[in-house]
Amino acid sequence: MGERLIELRDIAKSFGRVYALGGINLHVDKGEVVGLIGDNGAGKSTLIKILSGVLKPTSGEILVRGRPVANWNAAKSREAGIETVFQDRALAVQQTIVTNIFMGRELSGFFGWLRVADEEREARRLMREIGFTSRVFTPQSIVGQLSGGERQGVAIARAIYKQADLIILDEPTTALSLTETDKVFHFVRQVKASGRSIIFIGHNIYHVFDIADRFVVLDRGTVVLETTRAETASAEQLINFMQRVAHPAANSGAGAQ
Amino acid sequence: MTDIAEPKQDKRGHMTTGAGSHDPIHPAERPMRRLFLANRAWLGTLGVFVVMMAVFIAANPRVFSSWGLYASVLTTLPVALFLTVPLVYIVTAAEIDLSFPATMGFAGWIFALVVQAGYDPFLGIVAAILTGMALGLLVGSLVVYANLSSLIATLGMNFMLRGLILMLTQSKSIALVTLDQTWAYRIFSSQVYGVPLQILWALAFVFVCALLYNRHRFGVQVHVVGDNPDSANEMGVDVKRVRVKAFVFMGLGAALAGVFSTMINFTWWPTSGDGYLLPVLASVFVGGTPTWGGIGTVVGGAIGALIVSFIQTGVVGAGLSGFYVQFFNGLIIILSLIGHRWNQVRYR
């Protein structure tokens with residue numbers, strides 16, 4: 001595939017004595033959708049938090065476009081063109097849509113004063129861009145008044161503001177209705193068509209299977225399978241594999257490999 | 001996956017595509033309504049103040065039509081404003097600071113020492129401000145980096161700093177008799193046509209702080225940090241730094257309060273600031289800033305300070321004895337909290 005966007009080399013993370021990740025190697029190329037799957041506690045969220053700079057890895061190296069980056073943090077991750085839609089959506093629910101979209105990178109001019117008009121115009125544009133027009137709210141609406149799908153919309157609008165090269169969607173379809181889930185998928189295809197990359201994390205393997213070019217299966221902090229869509233016959237094959245990984249003893253008699 | 005070309009519209013009309021572009025203007029976008037929604041919190045506080053004053057004036061029109069009563073409130077109100085407004089920032093950041101009375105006393109002491117030593121009061125003001133901000137940094141760092149509860153840690157710092165003042169001064173006050181000869185006094189604290197100048201400075205402070213709160217990067221970050229520190233962190237906001245900054249800002253306000261209090265009285269007392277703890281806390285909450293952080297109002301806090309400082313004058317002026325003051329103090333606090341609760345329903 002195309003140009004290498006980001007690469008994790010031997011990333012390990014431990015919380016005290018607990019190993020969350022033990023030496024992960026993962027790369028994302030330009031324009032591909034990587035489906036990251038794994039059971040609860042497999043280390044998906046920890047990995048995402050490291051990629052987005054919220055957590056610092058205990059050891060390992062992060063390369064952006066082939067170059068290693070020192071002192072990786074949330075601000076540097078965003079600078080590198082990585083935007084994350086977190087599982088909890090990372091919204092401040094008492095603030096306006098505008099404040100949430102520009103959280104952490106407020107548009108400010110002279111002496112830190114906000115460019116309020118610019119922010120509002122941009123927020124309006126973003127909301128329109130993701131097909132998020134409604135008469136019920138404005139950029140000045142309080143996020144706490146929005147429905148789950150609309151909140152997800154705000155989180156996604158925030159992620160596409162900077163024309164990011166890589167968008168990480170952590171369980172973006174959890175707790176969404178069918179139509180809202182469809183909108184998220186529609187958005188993923190749009191992003192992919194525009195040549196940007198996505199890491200899609202999901203519990204629902206059918207969702208991930210539909211959308212990803214490549215699958216990375218995590219289990220207990222390590223990558224246990226890396227395969228492309230072309231090499232995988234069906235979602236069931238992935239599910240079977242994950243079940244064998246999760247319960248090796250139960251299947252050992254059957255001679256699973 | 002089949003492609004659903006025609007998006008469904010749910011009951012409330014959410015999640016529709018395309019249709020919204022040439023809709024008539026949204027109700028919340030009409031200028032007057034927008035102005036009202038944006039300023040809803042402090043307009044409520046203003047309502048409380050107007051009703052309270054109406055009751056007082058009806059009770060005793062003669063006393064409340066004399067300028068003297070207002071002049072006396074305007075003399076002492078500025079000190080409360082310099083304390084209340086920064087405290088709104090602290091509460092919005094979901095912290096609390098109980099150390100500001102001692103910081104105010106400490107900064108006022110430094111000001112008095114510099115002036116007493118014969119230096120220009122302007123130099124004293126600079127020294128006081130630096131002291132206040134340094135103490136704010138100390139308190140903030142303790143809370144944020146040592147990860148202490150701000151309620152308890154700042155209470156402890158209040159005792160410690162006050163104790164330090166008492167130990168070092170042996171509880172002696174400092175009188176600044178020549179202060180009224182200086183330019184600093186004329187500019188900051190004299191009277192022009194019966195209006196104490198310090199109220200104008202305090203109002204300017206409130207104005208700048210209100211802008212800073214709503215229209216500045218610092219203000220917005222204080223909001224998001226108080227609202228959801230985890231999210232703010234995930235979005236690259238330096239949460240700890242913002243919190244410490246809020247405490248430094250509180251120190252700045254406390255220093256200004258200490259300077260003005262000393263200039264108004266021509267004297268610095270070792271207990272300077274002590275009496276402000278509870279009224280200032282009450283002002284913030286009466287003003288419409290809730291306790292849970294994330295939202296608040298600077299202008300409301302200023303009106304809250306006005307309400308609190310008028311209660312005592314008003315109750316006595318209305319012809320009741322001083323024994324009634326505390327009761328009405330409490331009554332107005334409770335009534336305005338109920339009012340704000342009702343007003344804030346839309347947020348939660």
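In this predicted model, strands β1 (residues 4-15) and β2 (residues 18-29) of chain A pair in the antiparallel sense over eight bridges. The hairpin they form has two residues between the strands, and A:Gly16 there takes a positive phi near 65 degrees. A:Phe15 has A:Val18 of β2(A) as its bridge partner. Strand β1(A) also runs antiparallel to strand β4 (residues 59-64) of chain A, with five bridges joining the two.

| Strand pair | Bridges | One bridge |
|---|---|---|
| β1(A) and β2(A) | eight bridges | A:Phe15 with A:Val18 |
| β1(A) and β4(A) | five bridges | A:Ile6 with A:Val64 |

The largest nonpolar core holds 98 residues, of which B:Met52, B:Leu87, B:Tyr89, B:Phe111 and B:Val298 touch the most other members. Helix α4 (residues 67-92) of chain B gives the most to this core, namely 15 residues. When residues up to four places away in sequence are not counted, B:Met52 touches B:Ile307, B:Phe310, B:Ile311 and B:Ile332. In soluble globular proteins, nonpolar side chains tend to be buried together.

Searching the whole structure finds four cavities of 30 Å³ or more. The largest cavity has a volume of about 60 Å³. Its lining includes A:Ser52, A:Arg78, A:Glu83 and A:Phe86, together with B:Glu234 and B:Met235. In chain A, α2 (74-79) and β6 (82-85) are the elements that give two or more residues to this lining. By class, the lining residues of the largest cavity comprise four nonpolar, three polar and three charged.

Technical notes: Residues are numbered from 1 along each chain as its sequence is written. Chains are lettered from A and ligands numbered from 1 in the order in which they are written. This is a predicted model: local features need pLDDT of at least 70, side-chain atom pairs count only at pLDDT 80 or more; totals for chains, interfaces and linings use all residues. Side-chain values use heavy atoms; hydrogens and water are left out. On a 1 Å grid over the protein atoms alone, a cavity is a set of points where a 1.4 Å probe fits but cannot get out, and a pocket is an open set with protein on both sides within 12 Å along at least five of seven lines; lining residues have an atom within 4 Å of a point. Grid points are joined across faces, edges and corners, and a volume is the space filled by probe spheres set on the points. Helices (H or I, at least four residues) and strands (E, at least two) are DSSP runs, numbered from the N terminus. Ala, Val, Leu, Ile, Met, Phe, Trp, Tyr, Cys and Pro count as nonpolar, Asp, Glu, Lys and Arg as charged, and the others, Gly among them, as polar. A nonpolar core is a set of buried Ala, Val, Leu, Ile, Met, Phe, Trp, Tyr and Cys residues joined through side-chain atoms within 4.5 Å. Buried means under 20% relative accessible area, exposed over 50%, partly exposed in between (1.4 Å probe, protein chains only). Contact means heavy atoms within 4.5 Å. Two strands pair if DSSP finds at least two bridges between them.
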